[in-house]
Amino acid sequence: MIISQNFLLEKLYGGFMKIETRDAFPDFVGFVSNIDLRQKLDNKQIEEIDLSINKYSVIVFKDQNISDEDQVRFTKYFGNIEASGKTSNITKAKDRRLSTDLADVSNLDKNNKPLSQNDPRRIFNLGNRLWHTDSSFKSIPAKYSLLSARNISEQGGNTEFADMRSAYDNLDELTQNKIQDMVCEHSLIYSRQRLGFDMVKELSSEEIKNFTPVEQPLVRINKITGRKVIFLSSHIGKIRDWIRPDSMCFIDDLIEYATQIKFKYIHKWSQNDLVIWDNRQTMHRVRAFDDLKEKRDMRRTTVLGEERLM
Ligand code: OGA
Ligand code: MN
């Protein structure tokens, strides 16, 4: 484990990117301000960014005034793009504000007006306020997410990240052993249910098939660094061979433990920040803002995972 961490450090030493860190989370979040992501990057530069995502988990690029096309091109350096809106029927194709290469995580409709209180799209998006990893409910869960802040809210709307590697490392041995081979069911139905949004009622039986729960291991390993993580998400609704209420209590306890302040970085957005996070080793959530009045225009591209975990 230490060898691979050193290997990463060595590879990153003297690279093209200057990464700054902060004392509170030296191994979790890197800040980069000296590069322009609209530029073409060569393979070495791409590898350097990729390794630094593996090493840290969250990379904050400041002052990236990019277009959707720039964001999509940059994202494709790291793998295939996960198309948005394929499985969710909450936003109809005719109502989309952005191309399907981007997930629209703003609070805006096609006319750039805030969604109204009872709009199902708004309620569906409220799921991002719960701790989660992106697309953990898909058989191949997301690898990286890249979120570009095109317009930020004046109040609130911070995004929080929790380090699932440190959370795993700090578990007592008994719990580490207990969760080692656990398998969890993930579905958007479960996370929306937590909000009181009953997708089974809102969608047709044909549509609801897209949300059939998917099994994922609760412990996973980053193959590059060799570090283990707790693969947690509010999309979890059941542990294999457990009943649901016991599963919920156990998972909620774990989420509460894993999102303590010592594992957490709170990102306060500036206009044109682009933040990349590694869904394989973090959880995240967005905090409340006055979304019926303010406009928060955030656009996400997502790098598809490379493999099934089960
Ligand atoms: C996401 C997400 C958080 C935010 O894009 O996956 O959860 O800050 N968004 O909008
Ligand atoms: Mn998310």
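The legends below describe close-up views of a predicted model. Local features need pLDDT of at least 70 and side-chain atom pairs count only at pLDDT 80 or more, while totals for chains, interfaces and linings use all residues. Residues are numbered from 1 along each chain as its sequence is written, chains are lettered from A and ligands numbered from 1 in the order in which they are written, and side-chain values use heavy atoms, with hydrogens and water left out.

**View 1. An open sheet of three strands, in the order E12-E6-E14.** The pairing is antiparallel; two strands pair if DSSP finds at least two bridges between them. Strands (E, at least two residues) and helices (H or I, at least four) are DSSP runs, numbered from the N terminus. Strands E12 (264–267) and E14 (282–286) are at the edges with a single partner strand each, so one side of each has no neighbour in the sheet. From one strand to the next, the twist averages 20 degrees (axes are lines fitted to C-alpha atoms, and angles run from 0 to 180 degrees between N-to-C directions).

**View 2. Strand E14 and its pairing with E6.** E6 (residues 159–163) and E14 run antiparallel and are joined by five bridges. Aspartate 163 has threonine 282 of E14 as its bridge partner, and glutamate 160 has arginine 285 of E14. Five of the five residues of E14 are buried, so the strand is largely enclosed by the rest of the structure. Thr282, His284 and Val286 cover one side, and Met283 and Arg285 are on the other. Buried means under 20% relative accessible area, exposed over 50%, and partly exposed in between (1.4 Å probe, protein chains only).

**View 3. The site of the manganese ion (ligand 2).** His132 (NE2), Asp134 (OD) and His284 (NE2) coordinate the ion at 2.1 to 2.2 Å. Donors are N, O and S atoms within 2.8 Å of the metal (3.2 Å for Na, K and Ca); water is not among the atoms, so sites may look incomplete. The donor residues have the sequence spacing H-x1-D-x149-H. Histidine 132 and aspartate 134 are both buried.

**View 4. The largest pocket, with about 380 Å³ of space.** A pocket is an open set of points on a 1 Å grid over the protein atoms alone, where a 1.4 Å probe fits, with protein on both sides within 12 Å along at least five of seven lines; lining residues have an atom within 4 Å of a point. The volume is the space filled by probe spheres set on the points. Of the 19 lining residues, Arg220, Ile221, Lys223, Arg280 and Glu307 are the closest to the centre. Strand E9 (219–221) gives the most to the lining, with three residues.
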